[in-house]
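Open the model in your viewer and keep the sequence panel beside it. This tour tells you what to select at each stop and what you will find there.

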Amino acid sequence: SRRDRPTERFDVGLQHERTALAWERTAISTMVAGEFLARYAAEASHPGWAVVGLLQVAGGGAVLVWAGWHYDELHGPLRRGAPVVHPSAARFVGLSTVLFSGVAFALALADVLADLGT
């Protein structure tokens with residue numbers, strides 16, 4: 001269950017809000033990139049890559065939901081002075097973004113080269 005949020009500010013810089021917003025921006029950009037990959041792949045008759053793009057959208061949505069849920073959980077560790085960074089989550093998001101961006105680039109490059117060859 002969600003705990004009540006504290007009424008007093010303990011961090012003048014609002015670090016926990018900035019952290020939560022950064023995760024939300026990352027999730028939304030991942031979802032947008034996945035949508036572009038899915039749309040391009042579907043139009044270029046690459047159904048397998050379209051499914052990969054849709055999976056990326058779903059993964060970004062899961063990160064978005066997690067970021068909202070995790071925002072409430074940040075208050076306790078911050079008050080204790082504990083680190084709130086999750087290296088495994090950051091690695092997963094970074095690697096999946098690089099992977100899917102590389103796939104999208106490769107598909108676009110293959111399409112351009114196919115157009116040049118005809």
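Start with a cartoon view of the chain. This predicted model has four helices and zero strands. Read from the N terminus, the order is α-α-α-α.

Next, color by pLDDT. The chain has a mean of 80, and 75% of its residues reach 70 or more. Which helix has the lowest confidence, and which the highest? Select residues 75-80: this is helix α3, the lowest, with a mean of 68. Then select α1, the highest, at 87.

Switch to a surface view of the whole chain. The accessible surface is about 7,900 Å². Carbon and sulfur atoms hold 67% of that area. Of the 118 residues, 25% are buried. Now turn on contacts. Among those with a separation of 6 or more, 68% join residues 24 or more positions apart.

**Stop one: the core.** Select W23, A27, V63, A67, A89 and V93 and show their side chains. These six residues form the largest nonpolar core. Which elements give two or more residues to this core? They are α1 (15-43), α2 (47-73) and α4 (87-117). In soluble globular proteins, nonpolar side chains tend to be buried together.

Leave out residues up to four places away in sequence, and A27 touches G60, V63 and L64.

**Stop two: the surface patch.** Select F105, L109, V112, L113 and L116. Together they make a nonpolar surface patch of about 530 Å². Zoom in on F105, which sits in helix α4. Is F105 buried or exposed? F105 counts as exposed because its relative accessible area is 56%, and the cut-off for exposed is over 50%.

**Stop three: the salt bridge.** How many salt bridges does a search of the whole structure find? The search finds one. Select R39 and E43 to see the pair. Their closest N and O atoms are 3.4 Å apart. Side chains of opposite charge can pair when their charged atoms come close. Look along helix α1 here: R39 and E43 are four residues apart, so about one helical turn separates them. Color by accessibility, and both R39 and E43 show as exposed.

Technical notes:
Residues numbered from 1 in each chain as written. Heavy atoms only, no water. Buried < 20%, exposed > 50% of the residue type's maximum accessible area, 1.4 Å probe, protein only. Contact = heavy atoms within 4.5 Å. Areas by Shrake-Rupley, 256 points an atom, 1.4 Å probe, with all protein chains shown as cover. Core = buried A, V, L, I, M, F, W, Y, C linked by side-chain atoms within 4.5 Å. pLDDT = per-residue confidence, 0-100. Patch = residues over 30% accessible without salt bridge, like charges linked within 9 Å, V, L, I, M, F, W, Y side chains within 5 Å. Salt bridge = Lys/Arg side-chain N within 4 Å of Asp/Glu carboxyl O.
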